Amino acid sequence: MNINTEAVSLEQALESFEDNLESRRAILAKLVQSRVVVILDTPWDGLSLPSTSMRLLFVSDGSNEQQPMLALFTSKDRAEQSRKDDSPYRHAVEVDAAWALLGVAQGAGIIINPNTTPGFRITPELAAQLRALSEKHLAGRMHAAAKAKPL
């Protein structure tokens with residue numbers, strides 16, 4: 001499979017996923033370039049500075065209930081379908097995937113579109129690498145912004 005990551009959405013890339021190394025790499029490349037939807041425990045507009053007390057929804061890894069997985073969604077509709085009325089996690093917000101990756105807790109993995117198709121599972125080890133890449137990217141952007149700031 002050869003996914004042109006510029007031309008297709010994350011969901012389209014997931015729909016054409018084939019279980020091989022090239023396809024997995026394409027999905028990960030598309031993920032880090034995409035906007036995704038997260039579910040939060042606090043209302044947020046997605047534009048202002050987020051509260052430091054705000055928490056992202058984590059789910060279990062299928063039958064492995066001890067394995068936390070950051071829940072990411074390809075659309076607000078998919079996120080809305082996953083919300084539970086008795087849960088404090090009720091606020092679906094679209095964000096850059098790179099920002100969401102900063103919320104991956106140590107030892108946690110990622111599930112895109114949990115309990116639905118198309119979905120995708122990212123192991124905790126790979127999720128940690130994606131978080132580290134997002135941190136480097138953010139640090140680079142902050143450094144460039146500081147250098148560009150007029151005195």
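This is a predicted model: local features need pLDDT of at least 70, side-chain atom pairs count only at pLDDT 80 or more; totals for chains, interfaces and linings use all residues.
## Confidence

The protein chain averages a pLDDT of 89. Of its residues, 93% score at least 70. Strand β5 (residues 109–112) has the highest confidence, at 97. Helix α5 (residues 124–148) has the lowest, at a mean of 88.

## Nonpolar cores

In soluble globular proteins, nonpolar side chains tend to be buried together. Here the largest nonpolar core has 27 residues. Those with the most contacts inside it are L31, V36, L72, I110, I112 and I122. A second, separate core has eight residues, including I39, A79, Y89 and A92.

L72 touches residues from several parts of the sequence. Leaving out residues up to four places away, its partners are L31, V36, V37, V38, A100, I110, I111, I112, N113 and P114.

## Strand β1 and its partner

Strand β1 spans residues 35–40 and is mostly covered. Five of its six residues are buried. The strand pairs with β4 (residues 91–96) in the antiparallel sense, over six bridges. Within this pairing, L40 stands opposite H91 in β4.

## R78: a buried arginine

R78 sits in helix α3, which covers residues 76–82. Is R78 buried or exposed? R78 counts as buried because its relative accessibility is 14%, below the 20% cut-off.

Which side chain does R78 join through a polar contact? The partner is E11, at 2.7 Å. The R78 side chain also reaches the backbone oxygen of T117, at 3.3 Å. Beyond four places in sequence, R78 is in contact with E11, F73, N113, T116, T117 and P118. Two of these contacts, N113 and P118, lie in the loop between β5 and β6.

## The loop between β5 and β6

The backbone of this loop has some details worth checking. The peptide bond from T117 to P118 is cis, with omega near 5 degrees. P118 itself lies in the loop between β5 and β6. T117 also supplies the backbone oxygen that the R78 side chain reaches.

N113 belongs to this loop too. It is not a glycine, yet it has a positive phi of about 55 degrees. N115, also placed in the loop between β5 and β6, has a positive phi of about 60 degrees and is likewise not a glycine. Their surroundings contrast. N113 is buried, because its relative accessible area is 1%. N115 is exposed, because its relative accessible area is 85%.

## An aromatic link

How many aromatic pairs does a search of the whole structure find? It finds two. F17 and F120 form an aromatic pair with edge-to-face geometry. Their centres are 5.4 Å apart, with 80 degrees between the planes.

F17 lies in the loop between α1 (10–15) and α2 (21–33), while F120 lies in strand β6 (residues 120–122). The pair therefore ties together parts that are 103 residues apart in sequence. F120 is buried, with a relative accessible area of 8%. F17 counts as partly exposed, at 25% relative accessibility.

## Two sites for reference

D85 is found in the loop between α3 and β4. D85 is exposed because its relative accessible area is 77%, over the 50% cut-off. Its C-alpha atom is separated from that of T42 by 14 Å. Along the chain, D85 and T42 are 43 residues apart.

H137 is found in helix α5. H137 counts as partly exposed, at 45% relative accessibility. The C-alpha atoms of H137 and R83 are separated by 31 Å. These two residues are 54 apart along the chain.

Note on methods. Residues are numbered from 1 along each chain as its sequence is written. Side-chain values use heavy atoms; hydrogens and water are left out. Helices (H or I, at least four residues) and strands (E, at least two) are DSSP runs, numbered from the N terminus. Buried means under 20% relative accessible area, exposed over 50%, partly exposed in between (1.4 Å probe, protein chains only). A polar contact is a pair of N or O atoms within 3.5 Å; within protein, one must be able to donate a hydrogen and the other to accept it, and residues adjacent in sequence count only if both atoms are side-chain atoms. Contact means heavy atoms within 4.5 Å. A nonpolar core is a set of buried Ala, Val, Leu, Ile, Met, Phe, Trp, Tyr and Cys residues joined through side-chain atoms within 4.5 Å. pLDDT is the predictor's confidence in each residue, from 0 to 100. Two strands pair if DSSP finds at least two bridges between them. Rings of Phe, Tyr and Trp (its six-membered ring) pair if their centres lie within 6.5 Å; planes under 30 degrees apart count as stacked, over 60 as edge-to-face and the rest as tilted.
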